[in-house]
Each structure stands twice: as C-alpha cells, then as structure tokens.
Amino acid sequence: MTNKHFDDYMKNGFETRGRYAHELKRRIVLFGDSTIDNGNYLPPNARNVDTLNQMRRCVGYEGVPATSDESIIVSHAVDGSVIKDVMHSIGVHAGEPGIHERDLFISAGGNDLLRAAGGLTAEMFISHYKNPGNSELLKYIDYVLNVFRVDYEDMLRAALVTSPHVTLANIYDIAPNASIRNSIARWSINDDFIPDHVVARANEIIADLAMKRDLLLVDLNTLARKEASHFYANDIEPSMTGGQAIAVRYLADMFRKYFEIAELEKLWNSGK
C-alpha cells in the first residue's frame, strides 16, 4: 500500500465505514489555535466542517456531539491561542478521567510569531538593509525564537505530564500572497525572508524537541506548500479543504505510528 493509497483510504474510506474507532481504539484530544478552530473563517454554510469536524468525519464519528464523553475526538483548541494559552488549557484539562491514555495533538506557535511581528520596526529593516550580517532585525529574531523555545518546551513538558501520547504539528507559512509579504518587500528586503526564515527556524525548534522525546511530528508546512492553491481561507487560517488536508495528514500519520505495515496492508485490503 502506497502513502497515496493510505491517504485516500483515510479521506474516503472512513467517511463511509467509520472503521477507525473499531480498528485503532484511540481517543484524541486536540489543543491549539485556528489551525484546528478555523470555523469562523469558513463560509457560513461550511462552519460545521472545520478541522475538528473534518477529523471526526474521517473516522466516521460526525454523528456524536464533539463534547460528548463518547466522542473519539474532542477539541480544546481556541482561535488566537499562543503557546502559553495552550499550556494553560492543557493544565485545565489535565485532571479529566482517562486523559492520560488519550492521544494529544498539539498545533501551536504560529500566533506567537505573528504577535512578535508586531515588534518589527522600520529601523530594524533599514539596519538590516545596511548591515545584513549584524542587524537589529536579526537580534530581534534571535530573541523571539529564544522565547519561543522556552515557552514551547514548558508547554510540551505539561503535555507529557498529562499524557505520554503526544503528537506535535509544525507551523506552516503564511499564504504566498499574504499582505505582510508586500509590506516587508517595500523595505527592499527579500519578501520571503522574514516570514519563511522565522517559520523555518521555529520549526527547527519544534522538530528538535520532538526528536529528543521521540514524538510524532506532523509536517503541516510541507502540506500547506503542496496544497497552497486551496489550503488557505485567508492569509493565515486553513480553508475547509485545508482543514481536510490537515485532518487526513494527522490521522494517517498516527495510523502509521500505531500499526505495523502488515496490519496496514490487511486493513487496506479489508476495506476494498
């Protein structure tokens, strides 16, 4: 079974057969930001197909209320959350019955970088243009990423105390035609330098922390680039199609984590 076959199975097979709950018997709790809680950015008639409900649809559980104890996927993600907000949310729900046995999926950090972008000044860009090797801009970016690492590591520590079954998602770039790229370009700097450079370095931090703890890491950045033409609802948030891509990518990666290849082959063949 190829990766494409398996992704297709996740996208289409479980929508109609709902085999996930019977085959994997995992319960999932989602924490994060608008990567998951993106309903407000979808058309009014599509707000019930946000990323959470795309995941629930993939596993055949869309008929069970998301807040029900019987739901196989529950979300505590809140649009606009930064890493410290996610850490607080994990702490609030840490005492819930059975959460130690549940899989936590965490998508966080993008809003921290967006908030830090508010600290950029014209002087920083001008200094970088004049002295790109040792500018105030680079010093500011280093400071932001140092804070990012500390906050992310604190959040991850709290998550692992809550459950050893943690999956992380990296941060995806803002949309290719996002307005921030145009505003940066006017300072005569490569318009991809700031957003893509900072996201890449933040993702290196997330990857390093995941690797050191042997955690599954879902590569949303590569996914967003691959699906760029229809991934975004605006400059930042995922569209309905983007949410479906995120749901399929995470669930497929988690299936590969828990099943041996032979079992995946058996599951694929039994679904034909």
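Student: Leaving aside its neighbours within four places in sequence, which residues is L168 in contact with?
Tutor: This is a predicted model, so keep that in mind throughout. In it, L168 touches I106, Y152, L156, I206, A210, L215, L216, L217 and V218.

Student: OK, and what's the largest nonpolar core like, how many residues does it have?
Tutor: That core has 35 residues. L168 is among those with the most contacts inside it, along with I106, L113, F148, Y152 and V166.

Student: Which elements give two or more residues to this core?
Tutor: Three strands are on the list: β1 (28–32), β3 (103–107) and β4 (166–169). The helices on it are α4, α5 (110–117), α6 (122–130), α7 (136–162) and α9 (193–212).

Student: Which one gives the largest share?
Tutor: Helix α7 does, with 10 residues.

Student: Where are F148 and Y152 relative to each other in helix α7?
Tutor: They're four residues apart in α7, which means about one helical turn separates them.

Student: What about Y172 and Y232, what kind of pair are they?
Tutor: Their ring centres lie 5.9 Å apart with the planes at 65°, so they form an edge-to-face pair.

Student: Where do they sit in the chain?
Tutor: Y172 is in the loop between β4 and α8 (179–185), while Y232 is in the loop between α11 (228–231) and α12 (240–258). The pair therefore ties together parts that are 60 residues apart in sequence.

Student: Buried or exposed, those two?
Tutor: Y172 counts as buried at 10% relative accessibility. Y232 is buried too, at a relative accessible area of 15%. The cut-off for buried is under 20%.

Student: Which residues do ring pairs link into a cluster?
Tutor: Y172, F231 and Y232.

Student: Which residues are on each side of β1?
Tutor: I28, L30 and G32 are on one side, with V29 and F31 on the other, and both faces are covered. In a regular strand, side chains alternate between the two faces of the sheet.

Student: What does β1 pair with?
Tutor: β1 pairs with β2 (residues 73–75) in the parallel sense over three bridges. β1 also runs parallel to β3, and five bridges join them. For particular partners, L30 is bridged to S75 in β2, and G32 is opposite S107 in β3.

Student: I noticed D214. What's its phi?
Tutor: Near 55°, which is a positive value in a residue other than glycine. D214 is in the loop between α9 and β5 (216–218). With a relative accessible area of 72%, D214 is exposed.

Student: Where is the confidence lowest and where is it highest?
Tutor: Helix α2 (residues 20–23) is lowest, at a mean of 48, and helix α4 (residues 83–93) is highest, at 97. For the protein chain, the mean pLDDT is 79, with 72% of residues reaching 70 or more.

Student: Where does pLDDT stay under 50?
Tutor: One stretch is residues 13–22, where the model has 31 contacts beyond four places in sequence. Residues 185–192 are also below 50, with 14 contacts in the model beyond near neighbours in sequence.

Student: Last one: how many helices and strands does the protein chain have?
Tutor: There are 13 helices and five strands. The protein chain has 272 residues, and 51% of them count as buried.

Technical notes
Residues are numbered from 1 along each chain as its sequence is written. This is a predicted model: local features need pLDDT of at least 70, side-chain atom pairs count only at pLDDT 80 or more; totals for chains, interfaces and linings use all residues. Side-chain values use heavy atoms; hydrogens and water are left out. pLDDT is the predictor's confidence in each residue, from 0 to 100. Contact means heavy atoms within 4.5 Å. A nonpolar core is a set of buried Ala, Val, Leu, Ile, Met, Phe, Trp, Tyr and Cys residues joined through side-chain atoms within 4.5 Å. Buried means under 20% relative accessible area, exposed over 50%, partly exposed in between (1.4 Å probe, protein chains only). Rings of Phe, Tyr and Trp (its six-membered ring) pair if their centres lie within 6.5 Å; planes under 30 degrees apart count as stacked, over 60 as edge-to-face and the rest as tilted. Two strands pair if DSSP finds at least two bridges between them.
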